[in-house]
Amino acid sequence: MLSLRLVRLLDTHAAQLGDALFATILESQECSDMRKVSRDRLELRSREIYRNLGDWLKSGTEWEIAERYVALGRERASQGVALSHFIWAIGATKKTLFDFLEREGLADNPIELQASLELLKLLDRFFDRAVYHASVGYERFHARPLSSIDAA
């Protein structure tokens with residue numbers, strides 16, 4: 001049983017969370033390469049992750065995470081973003097969310113606490129999978145022969 005209250009919080013505050021993440025990425029030296037991504041695209045992606053996260057938590061599959069993050073890894077590699085900066089940005093996405101959830105409080109009763117813990121485990125799993133699949137996509141981009149990169 002997912003904490004529906006927390007999933008609703010994600011849906012309601014997706015833009016706010018996205019704006020906080022966008023500011024973090026622009027200000028952080030640890031992911032300064034992310035500035036190679038167009039500002040509009042980076043801002044859109046910062047909001048999109050939180051807007052879609054509630055849906056994934058309710059019905060997402062491993063395949064959906066793999067498809068999205070392998071593609072994103074390839075995209076960031078093609079933009080010249082260092083892998084360490086890209087992974088740091090994914091970690092910043094998780095931290096922004098967990099800081100928000102901590103401020104909101106997780107539970108008012110034992111049943112809500114159990115559901116909140118389940119949500120946190122799912123979120124942690126999501127971000128672990130996102131990092132893995134993003135790295136796979138990044139590696140696949142760099143493993144391509146130069147002739148196929150020129151043709152793309």
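Is the crossing of H3 and H6 right-handed or left-handed? I looked it up in a predicted model, where local features need pLDDT of at least 70, side-chain atom pairs count only at pLDDT 80 or more, and totals for chains, interfaces and linings use all residues. Residues are numbered from 1 along each chain as its sequence is written, and side-chain values use heavy atoms, without hydrogens or water.

**Entry 1, helix pair.** The crossing of H3 and H6 is right-handed (near helix turned clockwise from the far one by less than a right angle). I read an angle of about 115 degrees, with the axes 11 Å apart (lines fitted to C-alpha atoms over the stretch in contact; angles run from 0 to 180 degrees between N-to-C directions). Helices here are DSSP runs (H or I) of at least four residues, numbered from the N terminus. From H3, the contact uses Ile 49, Leu 53, Trp 56 and Leu 57 (contact: heavy atoms within 4.5 Å). I noted nine nonpolar residues, no polar and one charged (Ala, Val, Leu, Ile, Met, Phe, Trp, Tyr, Cys and Pro count as nonpolar; Asp, Glu, Lys and Arg as charged; the others, Gly among them, as polar).

I then checked Leu 123, which sits in helix H6, residues 110-143. Leu 123 counts as buried because its relative accessibility is 0% (buried: under 20% relative accessible area, 1.4 Å probe, protein chains only). Beyond residues up to four places away in sequence, Leu 123 touches Leu 53, Leu 57, Leu 97, Phe 98 and Leu 101. I also took its C-alpha separation from Arg 39, which is 26 Å across 84 residues of chain.

Note on methods: Helices (H or I, at least four residues) and strands (E, at least two) are DSSP runs, numbered from the N terminus. Buried means under 20% relative accessible area, exposed over 50%, partly exposed in between (1.4 Å probe, protein chains only).
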